[in-house]
Amino acid sequence: MHPEQADSTSSRTLIVLAAGEGKRMKSSLPKVLHPLLGRTVVGHVLEAAREGLGDGRVLVVVGHGADQVRGHLAEIAPAAATVLQSEQRGTGHAVRMVMEAVGDLTGSVVVVNGDFPLVRPATLAGLVAGHEEAGAAATILTAQVPNPTGMGRILRGALGGVERIVEERDATAEQRAIREINAGAYVFDAAVLRQMLGKLGSDNDQGEEYLTDVIGLLVADGYSVAAHQAVDATEVLGCNDRAELAVLRAVLRDRINTYWMRSGVSIIDPATTWIDVTVTIGRDTVVEPNTHLRGATSVGESAVVGPDTTVADSVVADEAVVVRAHVQGAEIGPKAQVGPYAYLRPGSRLATKAKVGTFVETKKAEIGEGAKVPHLSYVGDATIGEHTNIGAATVFVNYDGVDKHHTTIGSHARTGADNMFVAPVQVGDGAYTAAGSIITKDVPPGALGVGRAQQRNIEDWVPRKRPGTAAATAAEAARATEAATTGDATVDSEVSHPPTTSPEVGQRPGEE
Ligand code: UD1
Ligand code: CA
């Protein structure tokens, strides 16, 4: 150990460099805030550091879009402190700003670029362990990569020791052929780092203070510099533009999908399945093609999700089936069925074996055990009791133009097709409603609610008003057949159809 170096195990500080604009992203969003399968770019870096290095002091250098970055950090890493680098004069300058703002840093300082989101926790842990074992003044994370374009190259001496890092734009053609690159993660002894940052110049192609130049300065002063090589070259991929970000996203997708497949989840088409790092999935669940599982979503065991489905911030319980659906902020109970073609919005809660079928939209809707909303309906601000069936093409009319109101349907109810429930309104347990009803008044338990104009037929209207048309001809033919036989209308048994043909339906009080 060099005499001026402190005992590195005494304390450890993490510095994350996140002040750069990321010009090549061509974005109003700072580069480190771009999303990548469930976290921002810098969110991934912070999480890898937290898992790999444990909790400790975290200092994030902010500059470009500082308020936006600070706001995000307050959400995801409230314990992290920020240091402002008001002018982005290079990675060395960024670290110098931290050392000036925080005068008392001692022990090991881990510095990581904020645009390095695929690094694994174990790799950062290995970097620090290697540094501490070697007793080096600095240790850099490197990797052998197939395409080193854009990265700093590691220059090694005749004996294999690290001598310095050269940035691509300052490198000779020979140096550019080197495929060992600087990943953008380092461990330094704090005192030595402070001393060398004071010596940094900006005599390079970008006129910036490069943190990477600290390495050459250390070696020149006789300090030992170690390198820790990442085994997996994909971990060190940086993202400087949106094309690179897409490459990273695909790498991370594969990593996540492989993890879940090895954990007992069937992913039918990993190339079109996008699962955020924040999602959990139980064994024997099948994820069908073109499915996106996002945010704080958990899927239970033996469920089926997809194809063509997005589930965000939702719970899908064991053995539920969710097909061609868009689900946001919902809870889908065990053995419940959703879709095909359903839209579940926040506050939708399906109990065990409940069903939300085809072309159905729900919002703030409690759908009881075994209850069904099979077809073509909007269910908003509603409670539907267990084992109730909602007829096709029903609208829960929840909005009067100013306020939202609630509808409650009891258990074991059967509501007719094409109903409007004008909230606030209640339908009791075991009640029925007639097809085509506009329900504006409460329906007591066991009653049949009928809310529609009585039908009247104007006999012979077509022959009189539309003589000679095909309709008139067909009517005449039917009349002729009717004269000879008697027939019955067919009933569509698929669609919920309470017995509205019974004599009392359609009667108004006092009418016979
Ligand atoms: C840097 C390294 C390069 C390495 C590569 C790995 C330097 C000089 N070069 O290059 O050797 O191979 O990362 O991806 O460090 N930042 C600040 N303040 C600044 C400038 C940058 O906070 O003034 C932050 C950026 O937000 C970014 C990180 O530092 O998160 C790296 O900066 P970037 O400009 O992307 O460096 P590279 O050119 O990629
Ligand atoms: Ca970069």
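Now some housekeeping. This is a predicted model, where local features need pLDDT of at least 70 and side-chain atom pairs count only at pLDDT 80 or more, while totals for chains, interfaces and linings use all residues. Residues are numbered from 1 along each chain as its sequence is written, chains are lettered from A and ligands numbered from 1 in the order in which they are written, and side-chain values use heavy atoms, with hydrogens and water left out.

Okay, overall shape. What is the radius of gyration of the protein chain? It is 34 Å, whereas a compact globule of 512 residues would be near 24 Å. That radius is taken over C-alpha atoms, and the globule rule is 2.2 Å times the number of residues to the power 0.38. Along the principal axes, the C-alpha atoms fill a box of roughly 115 × 45 × 40 Å.

How much is tucked inside? Buried residues are 46% of the 512 in the protein chain; buried means under 20% relative accessible area, exposed over 50%, and partly exposed in between (1.4 Å probe, protein chains only). As for contacts, meaning heavy atoms within 4.5 Å, take those with a separation of 6 or more: 43% of them come from residues 24 or more positions apart.

Next, the metal. Which residues are the protein donors of the calcium ion (ligand 2)? They're Asp115 (OD) and Asn240 (OD1), at 2.3 to 2.7 Å from the ion. Asp115 sits in the loop between strand E6 (108-113) and helix H4 (121-134), and Asn240 in the loop between strand E11 (225-229) and helix H8 (242-262), so the pair ties together parts 125 residues apart in sequence. Both Asp115 and Asn240 are buried. A caution on donors: they are N, O and S atoms within 2.8 Å of the metal (3.2 Å for Na, K and Ca), and water is not among the atoms, so sites may look incomplete.

Ala393 has a positive phi of about 60° although it is not a glycine. You'll find Ala393 in the loop between strand E28 (372-384) and strand E29 (395-397). Leaving aside neighbours within four places in sequence, Ala393 is in contact with His375, Leu376, Ser377, Asp418 and Asn419.

Asp460 also has a positive phi, near 60°, and isn't a glycine. Asp460 lies in the loop between strand E35 (448-449) and helix H9 (461-465), and is partly exposed at 34% relative accessible area.

Last, the cis peptide bonds. One runs from Gly339 to Pro340, with omega near -5°, and Pro340 is in the loop between strand E24 (337-338) and strand E25 (342-344). Another joins Ala423 and Pro424, with omega about 5°; Pro424 is in the loop between strand E31 (420-422) and strand E32 (425-427).

Note on methods
Helix = DSSP H or I, 4+ residues; strand = E, 2+ residues; numbered from the N terminus.
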